[in-house]
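Please keep the sequence and the structure in view while reading.

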Amino acid sequence: MALAESRIEIPEGLQSQVFGQFDNYLKKIERTLNVTVISRDGELKIVGAGSGPEGARKVLEDLCQIASSGREITQQNVDYDLSLALEHVDGGVSQVSSDVICHTVSGKPVSPKTYGQKNYVDSIREHMITFGIGPAGTGKTYLAMAMAITAFKGEEVSRIIMTRPAIEAGEKLGFLPGDLQSKVDPYLRPLYDALYQIMGAESCAKNLEKGLIEVAPLAYMRGRTLDNAFIILDEAQNTTPAQMKMFLTRIGFGSKVIITGDLTQKDLPFESKSGLEVAVDVLRKIEDIAFCRLTSKDVVRHPLVQKIVQAYEAYEKKHDTELRKRDQGRIRSGRERRGSGYESHPGRT
């Protein structure tokens, strides 16, 4: 295959950010796309086979746009841009991350980092109920919280309600000391963590005291009608079908609802049906309800988390395939026995 060539100029002030510490980002681009990058007088010459040089140019161009906008380039940004280049997809991180939802209390912008997350955020804006379904680390809860706080500060809703089913993650916690709030807080801690990071502990405490922000177990939602509120149901894979129906029928006028869950991490008793699974089947054709499926490509935690998620997906896919083959073999074997006329009957010799 003939060698191809591409060129790009990167301003000197952006080179250290785009190339990464010790040129780590640049070296990864070279390895992944099988190209060689030569730097001369501020211009990069990219040489390689096929579409590699053009893909590398697009990645570097996108990283330049991120750096020039004042945002920090992360390893996740580089990895995602490379995955898009390998799939020959136009666009990059700079396009999706320009949609800033809000800022954390420390001033850090909160924005989607992948096209899957951008679709999720747009669905929340456009629909009354949004289901965010995907593996750990895809930003389901954090982005939902950012959207809720933005709506609350903009007076689009009068309160925020966050809830989770109170169920142990595979271990029995036994008796917990303290009052009722102390007993349920361990189950709800991830929601508090996101709330404090975006809103700040002081502002959060004031609104919690006033009842404008509420964090409660799902069981406390029964019998209520939730008007003019932004409601988040987290860890919905751990709801029963009855709990999910109860929650969905609490929604009142002027409310917006986000339901998040990971169907691969159910903590329900063995063979119990998840309320999230049932809701997907029952509600998929109803207008103004959106279902957003995030994948391992949307994981924005440490790169190792993405590899862990992918490894489990591959294992579970292989396991499911083996079970199906085993079941099909049993069915064929049963048909063959019935067809041969040797099916046993009581009392027959």
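The buried residues of α4 are Gln76, Asn77, Val78, Asp79, Tyr80, Asp81, Leu82, Leu84 and Ala85; buried means under 20% relative accessible area with a 1.4 Å probe, protein chains only. The model is predicted, so local features need pLDDT of at least 70 and side-chain atom pairs pLDDT 80 or more, while totals for chains, interfaces and linings use all residues. Residues are numbered from 1 along each chain as its sequence is written, and side-chain values use heavy atoms, without hydrogens and water.

**Helix α4**
- Nine of the 12 residues of α4 are buried, so the rest of the structure largely encloses this helix.
- α4 covers residues 75-86 and reaches 17 Å from its first C-alpha to its last, close to the expected 16 Å (1.5 Å times one less than its number of residues).
- Histidine 88, which follows α4, has a positive phi near 60°.

**The sheet**
- Six strands form an open sheet in the order β8-β7-β9-β10-β6-β11, with parallel pairing (strands are DSSP runs of E, at least two residues; helices are runs of H or I, at least four; a pair needs at least two bridges).
- β8 (213-217) and β11 (289-293) are at the edges with a single partner strand each, so one side of each has no neighbour in the sheet.
- Five bridges join β6 (residues 129-133) to β11.
- Glycine 132 has cysteine 292 in β11 as its bridge partner.

**A helix on the sheet**
- Helix α7 (residues 140-153) packs on the sheet and touches β6, β7 (159-164), β9 and β10 (heavy atoms within 4.5 Å).

Terms used:
Buried < 20%, exposed > 50% of the residue type's maximum accessible area, 1.4 Å probe, protein only. Axes fitted to C-alpha atoms, helices over the stretch in contact; angles between N-to-C directions.
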